[in-house]
Amino acid sequence: MQNVLIFGAGEKGLAILEILQKVKDFNIIAIIDKDKNAPGILAAQKLGIPFLHTFPKKLETEIHIIFNTIEENSGRSILNDEKKPMMICEPILSLILNQKEAIRQLTKKTNDLNEMRTMLEAIIHSSDDAISVVDEKGIGILINPAYTRLTGLTESEIIGKPATTDIYRGESMHLRVLRTKKPVRGVKMLVGPNKKEVVVNVAPIITGGILKGSVAVIHDMSEIRDLTTELEKAKERIRTLEAKYTFEDIVGTTNDILTAIEQARKAAKTPATVLLRGESGTGKELFAHAIHNESDRKYNHFIRVNCAAISESLLESELFGYEEGAFSGAKRGGKKGFFEEANNGSIFLDEIGELSLQMQAKLLRAVQEKEIVRVGGTKPIPIDVRIIAATNKDLEKEIEKGQFREDLYYRLNRFPIRIPPLRNRLDDIPKLCQRLIQKINHDYGRNVEGIDQDAITILKQYHWPGNVRELENILGRAIIFMNYNETLIRKEHLPPLDINQTKVDENDLNPENTKSLQKMLDDYEKQIIQTVLRKHRGNKTNAAKELGISIRTLYYKLEKMQNFA
């Protein structure tokens with residue numbers, strides 16, 4: 001143990017005191033300074049170290065080292081002793097103090113680095129994304145709790161282990177990045193004991209041009225799929241409120257279709273109610289979208305309603321909404337109907353001819369008075385809605401039979417537009433095929449380029465009872481059965497078409513046997529319905545499904561046939 005005296009309790013003396021206080025091999029006998037308020041004296045008082053204000057002539061304790069921070073001749077009485085202590089003064093004293101300052105600065109930098117490391121680890125550990133870090137040799141050095149939740153692997157299973165430890169199937173992206181020094185993104189892998197399907201992004205860690213390791217961010221594929229599903233649902237919801245098509249999407253150059261387009265463009269510029277008439281599959285909804293998008297309401301909602309697809313019991317509440325408590329299961333606060341949703345926009349009422357007389361009366365109020373009353377409510381709600389209706393029925397005959405209100409007919413028929421069937425515009429088939437093939441390619445992930453002339457010739461010979469919808473079906477079936485290396489639809493790809501069905505038996509043209517066209521159609525329809533019902537042993541639901549019509553439409557047709565009432 002070395003006994004030490006410190007001369008001078010100024011800043012240097014205080015610094016020496018603090019250094020010696022931390023070293024076990026030194027015993028501070030005293031610190032000396034005539035200034036009672038010197039920093040070293042005050043510190044010694046707190047630490048319990050002896051202090052003096054004058055230099056003693058003689059000390060009982062042997063002194064081994066004197067630190068002189070004042071002047072070189074201080075302590076000469078002790079130096080004259082037989083056993084002279086070691087005197088440490090300038091410049092050696094400054095070297096010691098400078099070393100202390102260097103140590104202090106180094107300690108501060110170390111503390112700052114430790115704080116930064118702690119902060120970075122806290123950020124990584126708080127992330128919801130799974131993160132793993134390896135060193136330049138591919139050995140795990142850090143993972144976060146999200147990584148453990150995702151892979152099921154803990155720190156003890158990863159830290160200090162090779163980068164391949166967590167991989168169930170696939171190449172280690174850490175090792176690839178360490179080898180190439182280039183980041184990778186969007187790599188699908190299976191990781192952990194639970195074979196978790198993930199997507200990995202990995203980047204190298206390079207400091208000062210030297211590779212130090214790599215960091216990976218790992219995303220759960222199941223979460224991505226859930227988010228994608230939610231996004232698709234949101235898009236589907238948006239699609240129900242928006243019109244998707246414009247007049248540019250309507251394909252055709254024949255006179256009949258060009259006339260219909262011209263009429264629809266004029267209708268779009270007026271607020272009048274539009275009635276689209278045409279057979280099933282001719283594109284009435286396409287026209288409805290285009291009319292809305294061409295009108296001054298195009299930035300507001302476009303609501304589509306298939307009147308035949310909603311049951312009679314629900315249709316009123318869906319169209320006009322309901323108040324809270326209107327019926328069992330009604331939502332708290334009630335619910336807006338389609339008409340309120342379409343306020344300041346357009347509503348497309350498809351298959352308007354399928355509405356019951358009771359519902360027609362309620363619709364008439366909305367059209368005529370421009371107001372609706374919710375189910376269970378009494379207060380009229382004003383609405384500003386442009387109505388576009390569509391039907392494939394002969395509404396005039398429905399009026400004659402008492403199945404459609406004449407007053408509603410005149411309200412809806414302000415601007416009638418007839419859309420021609422496909423058999424009346426066969427010259428449009430090539431262009432229609434090209435547009436439909438593009439759509440089917442997108443839906444099926446195919447790359448079919450077109451259709452050859454022989455196939456077009458066959459399509460032009462068919463009578464197309466299902467119109468453009470049937471054409472899309474035929475092309476879709478053809479593409480499904482094509483090989484992936486085939487890019488052109490040929491006649492052998494087409495399903496069988498009953499081309500001869502359009503031919504008319506000459507006997508039927510005999511004036512004595514000729515019936516009206518409507519009577520022949522009714523008889524043929526009756527025969528088909530009877531055949532399908534027998535096939536399904538009277539099951540009307542299955543029969544309607546095979547016929548491609550709603551159950552309500554089937555009942556209407558059965559009532560019309562009377563003997564099946």
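Guide: Two strands count as paired if DSSP finds at least two bridges between them. Keep that in mind, as this is a predicted model.

Visitor: What makes β12 and β17 a pair?

Guide: Four bridges join β12 (residues 274-277) to β17 (residues 386-391). The cut-off is at least two bridges, so they pair. The two strands run parallel.

Visitor: Which sheet do they sit in, and what is the strand order?

Guide: It's an open sheet of five strands, ordered β13-β14-β17-β12-β18, with parallel pairing. The twist from one strand to the next averages 15°.

Visitor: Why are β13 and β18 called edge strands?

Guide: Because each of them, β13 (302-306) and β18 (415-418), pairs on one side only.

Visitor: On to the pockets. What is the volume of the second largest pocket?

Guide: About 500 Å³. Its lining has 14 residues, and Arg117, Leu120, Val133, Ile141 and Leu142 lie nearest the centre.

Visitor: How do you know which element gives the most to that lining?

Guide: By the residues each one gives: α4 comes out with the most, at six. The elements giving two or more are α4 (92-126), β6 (130-135), β7 (140-143) and β11 (210-220).

Visitor: And how many of the lining residues are nonpolar, polar or charged?

Guide: Ten are nonpolar, one is polar and three are charged.

Key: Residues are numbered from 1 along each chain as its sequence is written. This is a predicted model: local features need pLDDT of at least 70, side-chain atom pairs count only at pLDDT 80 or more; totals for chains, interfaces and linings use all residues. Side-chain values use heavy atoms; hydrogens and water are left out. Axes are lines fitted to C-alpha atoms, for helices over the stretch in contact, and angles run from 0 to 180 degrees between N-to-C directions. On a 1 Å grid over the protein atoms alone, a cavity is a set of points where a 1.4 Å probe fits but cannot get out, and a pocket is an open set with protein on both sides within 12 Å along at least five of seven lines; lining residues have an atom within 4 Å of a point. Grid points are joined across faces, edges and corners, and a volume is the space filled by probe spheres set on the points. Ala, Val, Leu, Ile, Met, Phe, Trp, Tyr, Cys and Pro count as nonpolar, Asp, Glu, Lys and Arg as charged, and the others, Gly among them, as polar.
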